[in-house]
Amino acid sequence: MHLRVAVFDLDGVIVSTDTFHFEAWKRLFAKRWGIVHTPAAEELTKGVARFECMKLLARYYGIRADEEELHRAAEEKNRIYQQLLQEQLSPANILPGIPQTLVLLKERGVRTALASSSRNAPFIINRLGLTFDYCVDPAAIPHGKPAPDIYLAAMDHFGVSAQECVGVEDAVSGVASILAAGMPAIGIGPAVIAARADVVLETTAQLPQTFEELLDGPRQLDWAGGFCAALAAPARLRAPTEQRRLSQLTGYFEDRRAAENILASGSDPLVYEYHQLNAPRDPGDVAFGVTTLYPGVVGSEFYMTKGHFHGVLETGEVYYALQGSGLLLTEDRHRHTRWLPLAPGRAAYAAKGFAHRMVNTGDEPLVCFFAYRADAGHDYKTIEQSGFRKLVLRTEGGGVSIQDNPKKKQEEEV
Ligand code: S6P
Ligand code: ZN
């Protein structure tokens, strides 16, 4: 990806204003109703708009007040909050990694924007001594997060495409807003784990390295200490995948002429791609990744991966289907052949000693997670020369038929 613009949420990403909000509610409840506001109640307000917080807390503390009074109280809370910011907000409230990230982006020519729904944002930024190339004015945005409007406004300002941007958020509705704008999303903190961000970080301190990776490609993963990597298909924020086009696979299909005809017509379709993390070649490590096998046929044979034995023959491999349907064709060197169905939620185990190949018999991409012993290595030659014992073919009625591979049969009869 060519990154040109990074768009940031403010609260929880650039700065932590949690303590100011807590103190403001505390003072409000003490003054108006003689109630001691607790951290447990404060938890309920995270990511919730001001007046909604007011109603929620009033219910929590059993306060009886009409809408009008609650509105006035919410306004008073905001005044207290602003006053606290005036008196106490300092660069010490900037979250870890943020200054380094902004310096890095400036050095690398990436423009920065702020997409905060808070009308206090310009004041806060100013006070912290931070500068962004552009701050979206929330007053001019028709629909708040999770609608994409605020991120689209940032994108339009710079005249770039969504794929040239990345958004950073710490709340589910914020990540949803980024994704709805079509941008890749970086999520911060455990709250966004379920929000389908492309990358999820534990803290903002990991942002400088994440941006370096976006700009320069991934660093060495921490195989000795543990790590979490994005394997989403397509892996929008990671290194490019290995791709296999038909021109690299013609010899693998039974009907070679059909393959050559497709190529002669001027197209070289992408048959499959896989993204694998390069584990150290150590028997104690586990190599893993994701393969996406596209739907299609060559003649009547379904699209498939090359297939291979492992170099260390006696090593198994597990496939877990995430999307699509098809099968894992496996065979050993002693005439045992099996085909294992692949569909979301099913795990297929290619036993040690068995060659394995994915076949897509459906009409959408077949996406599988795979994992195997990291030092197993690959033996492609055997399959390249004589194929698998079985061919997986589409019948005239659109069904699936598994037949003997005549080439292999002849060979084994000799
Ligand atoms: C590796 C594992 C997968 C395949 C990938 C591509 O042991 O089985 O990573 O490499 O699905 O298939 P192939 O047959 O071209 O290697
Ligand atoms: Zn394998």
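1. Strand β8 provides the largest share of the shell around ligand 1, namely 3 residues. Keep in mind throughout that this is a predicted model.

2. β8, β13 (317-323) and β18 (366-373) each give the shell around ligand 1 at least two residues. In total, 16 residues surround the ligand. The closest are Y272, G307, E317, Y319 and Y380.

3. Next, the polar contacts. Y272 has a side-chain N or O atom 2.4 Å from an oxygen atom of ligand 1. For Y380, a polar side-chain atom also lies 2.4 Å from a ligand oxygen. For E317, the distance from a polar side-chain atom to an oxygen of ligand 1 is 2.7 Å. How much of the accessible area of ligand 1 does the protein cover? On its own the ligand has 390 Å², and the protein covers 99% of that.

4. Y380 turns up again, this time through its ring. The charged end of K306 sits over that ring, 5.5 Å from the centre.

5. β8 has strand partners. Strand β7 (residues 242-245) pairs with β8 in the antiparallel sense, over 4 bridges. In that pairing, Q243 stands opposite E273 of β8. Strand β9 (residues 286-293) also runs antiparallel to β8, and 6 bridges join the two. There, L277 stands opposite F288 of β9.

6. The charged end of R333 sits over the ring of F309. The distance to the ring centre is 4.2 Å.

7. Finally, the aromatic rings. How many aromatic pairs does a search of the whole structure find? The count is 14. Which residues do ring pairs link into a cluster? They are W25, F29, W33, Y60 and Y61.

8. Among the closest residues to the ligand are Y272, E317 and Y380.

How values were computed. Residues are numbered from 1 along each chain as its sequence is written. Chains are lettered from A and ligands numbered from 1 in the order in which they are written. This is a predicted model: local features need pLDDT of at least 70, side-chain atom pairs count only at pLDDT 80 or more; totals for chains, interfaces and linings use all residues. Side-chain values use heavy atoms; hydrogens and water are left out. Rings of Phe, Tyr and Trp (its six-membered ring) pair if their centres lie within 6.5 Å; planes under 30 degrees apart count as stacked, over 60 as edge-to-face and the rest as tilted. A charge sits over a ring if NZ of Lys or CZ of Arg is within 6 Å of the ring centre and within 35 degrees of the ring normal. Two strands pair if DSSP finds at least two bridges between them. A residue is near a molecule or strand if one of its heavy atoms lies within 4 Å of it. A polar contact is a pair of N or O atoms within 3.5 Å; within protein, one must be able to donate a hydrogen and the other to accept it, and residues adjacent in sequence count only if both atoms are side-chain atoms. Accessible areas come from the Shrake-Rupley method with a 1.4 Å probe; for residues, only the protein chains shown count as cover.
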